[in-house]
Structures are given as C-alpha cells and as structure tokens.
Amino acid sequence: MPEILYQHVDYQLSEFSHKYGSKVHILKSAYLLTLLSKLGNPQVVQPQLSTLLSLLYDHLLDVVISKEFPRVMTTVETRMKKTEPQGDYYGEVIDPNQKCVSVCIARAGNLPSMYVYHKLNQILKPEL
C-alpha cells in the first residue's frame, strides 16, 4: 500500500495582514526580513549583495511555486527500491508541463531573471 501522506500537500503562507487587497502577499518571516535589512544596508557590496539577492529570490520562488503552481500525482522509483520493493515515491509534485516565462528587466539586473530561469529548469520540462 503506498504512503498517502504526500497525496495532498497543502501550502499555507505566513503573512502580515494589510489593506492592499487579496493579490498582495507580504510574507511574515524573520529570516527574510533579516536578509532584506542587510540587502538594504548601503554598506553591503559585492559579492554579499548577489548572495543576499539569490537567497531572497530562492525563498520567494519556493513560496510562489508551492502556493501557485499546479500539481500532479506521480510515482517515482527511489534509490531505496534496490532493497525495498515498495521504495517508490507516490504523491504530488509540481506539474512539470507547467508553462512559465522568465523576463529580464534591465533596471532589476540580470541576476533575478537568471536565478528564476535556472531554478524553474530543475522542476519544469523544457519546451522543445
């Protein structure tokens, strides 16, 4: 019998309440606020600036992907299958057929777009 724990992976945001409307999400995270406070400090220079930006985008993408991207059920053979006949993962994953576009905006720099592009390539199928 497959494990049923991973069949419905609900994701809930931890957010500050605000009056900007339901389409605006202000994440409630001491970790992210710490990174943002460092990023905004005028004494932060390269390479720390790029590192902080990458950490922030990594978390932002985790949240957006987990909350907004469609999911599908899948069965994937794991390395455990060599010694355990039931060594398959059965559960939800991000739909690898989801279409997505990453746009580079000159004012924001190349790093955010490049980071998004590379991260999404780890979970989505490339369009050929």
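Student: How many disulfides does a search of the whole structure find?
Tutor: This is a predicted model, and two of its cysteines can be checked against the cut-off of 2.5 Å between sulfur atoms. For cysteine 100 the nearest cysteine sulfur is that of cysteine 104, 15 Å away. The search of the whole structure gives a count of zero.

Student: Is cysteine 104 buried, partly exposed or exposed, and what is its relative accessibility?
Tutor: Cysteine 104 is in no disulfide, with the sulfur of cysteine 100 at 15 Å. Cysteine 100 counts as partly exposed because its relative accessibility is 40%. Cysteine 104 is likewise partly exposed, and its relative accessibility is 41%.

Student: Which element of the protein has the lowest mean pLDDT?
Tutor: The mean pLDDT of the protein is 92, and 98% of its residues reach 70 or more. Helix H1 (residues 30–39) has the highest mean among the elements, 97. The lowest mean, 91, belongs to helix H3 (residues 110–120).

Student: What distance separates the end C-alpha atoms of helix H2?
Tutor: Helix H2 covers residues 48–68, which is 21 residues. At 1.5 Å a residue they should span 30 Å. The distance between the end C-alpha atoms agrees with this: 30 Å.

Student: What covers the buried residues of H2?
Tutor: The residues of H2 that are buried are Leu52, Leu53, Ser54, Leu56, Leu61, Val63 and Ile65. The cover over them includes H1, strand S2 (88–94) and H3.

Student: Serine 54 is a polar entry in that list; which residues is it in contact with, leaving aside neighbours within four places in sequence?
Tutor: Serine 54 is placed in helix H2. It counts as buried because its relative accessibility is 19%, against a limit of under 20%. Its contacts beyond four places in sequence are Leu111 and Tyr115.

Student: Which residues make up the largest nonpolar core?
Tutor: The core has seven residues in all. The members are Leu61, Ile65, Phe69, Ile94, Val116, Leu120 and Leu124.

Student: Which residues does leucine 61 touch, not counting those up to four places away in sequence?
Tutor: Leucine 61 is one of the buried residues of H2 and a member of the largest nonpolar core. Beyond four places in sequence, leucine 61 touches Tyr115, Val116 and Lys119.

Student: How far apart in sequence are the parts tied together by glutamate 92 and arginine 71?
Tutor: The side chains of glutamate 92 and arginine 71 meet in a salt bridge of 3.1 Å, N to O. Glutamate 92 lies in strand S2 and arginine 71 in strand S1 (residues 71–77), so the parts joined are separated in sequence by 21 residues.

Student: With which residue does aspartate 88 form a salt bridge?
Tutor: Aspartate 88 is partly exposed, with a relative accessible area of 33%. The closest N and O atoms of the pair are 3.0 Å apart. The partner of aspartate 88 is lysine 81.

Student: Which residues do salt bridges that share partners join into one network?
Tutor: Lysine 119 and aspartate 58 meet in a salt bridge. Shared partners extend the network to Asp62, and its members are Asp58, Asp62 and Lys119.

Student: How far apart in space are the C-alpha atoms of tyrosine 11 and serine 66?
Tutor: Tyrosine 11 lies in the segment before H1 and is partly exposed, with a relative accessible area of 31%. Not counting residues up to four places away in sequence, tyrosine 11 touches Val63, Ser66, Lys67 and Arg71. Tyrosine 11 and serine 66 are 55 residues apart in sequence, and their C-alpha distance is 6.4 Å.

Conventions. Residues numbered from 1 in each chain as written. Predicted model: local features only at pLDDT ≥ 70, side-chain atom pairs only at ≥ 80, totals over all residues. Heavy atoms only, no water. pLDDT = per-residue confidence, 0-100. Helix = DSSP H or I, 4+ residues; strand = E, 2+ residues; numbered from the N terminus. Expected span 1.5 Å × (residues − 1). Buried < 20%, exposed > 50% of the residue type's maximum accessible area, 1.4 Å probe, protein only. Contact = heavy atoms within 4.5 Å. Core = buried A, V, L, I, M, F, W, Y, C linked by side-chain atoms within 4.5 Å. Salt bridge = Lys/Arg side-chain N within 4 Å of Asp/Glu carboxyl O.
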